[in-house]
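Here are my notes on this model, as numbered points. Please read them with the structure open.

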Amino acid sequence: MFPIYILFSDQLQKHYVGYTNKSVNQRLEEHLHNHQGFTAKAKDWKIVFQHQLVSKTDALLLVSC
């Protein structure tokens with residue numbers, strides 16, 4: 001399974017869309033601790049949406065829309 005997820009930061013007033021082959025909660029912890037890139041700009045990300053997809057291809061197609 002490949003969950004897609006949307007995070008939101010109150011501090012930045014921004015959303016982040018991603019996918020993973022891990023649990024969404026585990027991936028959120030990675031975004032909040034020792035992470036580089038866009039999500040490193042804030043430490044208040046929270047999950048606002050998640051959906052399980054069967055394949056990585058499906059996840060990539062949906063995330064890239």
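1. Two strands count as paired if DSSP finds at least two bridges between them. Keep that in mind for the pairings below. The model is predicted.

2. Start with S1 and S2. Strand S1 covers residues 2-9, and strand S2 covers 14-19. The two pair in the antiparallel sense, over six bridges. Within this pairing, Leu-7 stands opposite Tyr-16 of S2.

3. Now the turn. S1 and S2 form a hairpin, with four residues between them. Gln-13 sits in that turn and has a positive phi of about 55 degrees.

4. S1 has another partner. Strand S3 (residues 46-53) pairs with S1 over seven bridges, again in the antiparallel sense. Here Ile-6 has Phe-49 of S3 as its bridge partner.

5. Why is S1 described as largely enclosed by the rest of the structure? Buried means under 20% relative accessible area. Seven of the eight residues of S1 are buried, so the strand is largely enclosed.

6. Look next at Thr-20. This residue is found in the loop between S2 and helix H1 (24-32). Is Thr-20 buried or exposed? Its relative accessibility is 5%, so Thr-20 counts as buried; the cut-off is under 20%.

7. What does Thr-20 touch, leaving out residues up to four places away in sequence? The list is Met-1, Phe-2, Pro-3, Tyr-5 and Arg-27.

Definitions and conventions. Residues numbered from 1 in each chain as written. Predicted model: local features only at pLDDT ≥ 70, side-chain atom pairs only at ≥ 80, totals over all residues. Heavy atoms only, no water. Buried < 20%, exposed > 50% of the residue type's maximum accessible area, 1.4 Å probe, protein only. Contact = heavy atoms within 4.5 Å.
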